[in-house]
Amino acid sequence: MKQNMSSQMLKGILQGMMLIILSRKPDYGYGISKQMNDYGLEGIPKGTIYPLLAAMERRGLIIGKMQPSQEGPDRKYYYVTPAGEVEKQAFLLEWDILANVVNRMIEGERK
């Protein structure tokens, strides 16, 4: 159960991060993975990113469009929908609240 809860929390955080990344510029799965690596999340397997993208697309948060690639086969680029933008804003607000609570708790522990 504990691992399951951590997995669900991680998926929510990854979804929020992916919405932030895609709201800056549409990208494809591997490009998103590379950007997450740049932020220090090297350990996120591709087997997590692609199913999450599919779930986000089913929920209408993003839309995928096949586009030609100069480096090989066509790639599916993802774009944030208006519903995805609302979800991103909700994530940012919830993150601020959660980070505040956790930081206060940690500060109290260190005193």
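Tutor: Start with the salt bridges: the structure holds 4 of them. A salt bridge is a side-chain nitrogen of Lys or Arg within 4 Å of a carboxyl oxygen of Asp or Glu. The model is predicted, so local features need pLDDT of at least 70 and side-chain atom pairs count only at pLDDT 80 or more, while totals for chains, interfaces and linings use all residues. Residues are numbered from 1 along each chain as its sequence is written, and side-chain values use heavy atoms, with hydrogens and water left out.

Take Lys76 and Glu57. Their side chains meet in a salt bridge, 3.1 Å from N to O. Lys76 lies in strand E3 (residues 72-80) and Glu57 in helix H3 (residues 46-58), so this pair ties together parts that are 19 residues apart in sequence. Helices (H or I, at least four residues) and strands (E, at least two) are DSSP runs, numbered from the N terminus. Lys76 is partly exposed, at 31% relative accessible area. Glu57 is also partly exposed, at 24%. The cut-offs are under 20% for buried, over 50% for exposed and in between for partly exposed (1.4 Å probe, protein chains only).

Next comes Glu71, which pairs with Arg75 in a salt bridge; their closest N and O atoms are 3.1 Å apart. Glu71 is exposed, with a relative accessible area of 62%.

Now move to helix H4 (residues 82-110), where Glu85 and Lys88 both lie. They are 3 residues apart, about one turn of the helix. Their side chains form a salt bridge at 3.2 Å, N to O. Glu85 is partly exposed at 29%, but Lys88 counts as buried at 11%. Why can such side chains pair? Side chains of opposite charge can do so when their charged atoms come close.

Stay with helix H4, where Leu98 is also found. At 42% relative accessibility, Leu98 counts as partly exposed. Helix H1 (2-24) and helix H4 are the elements that give two or more residues to the lining of the largest pocket.
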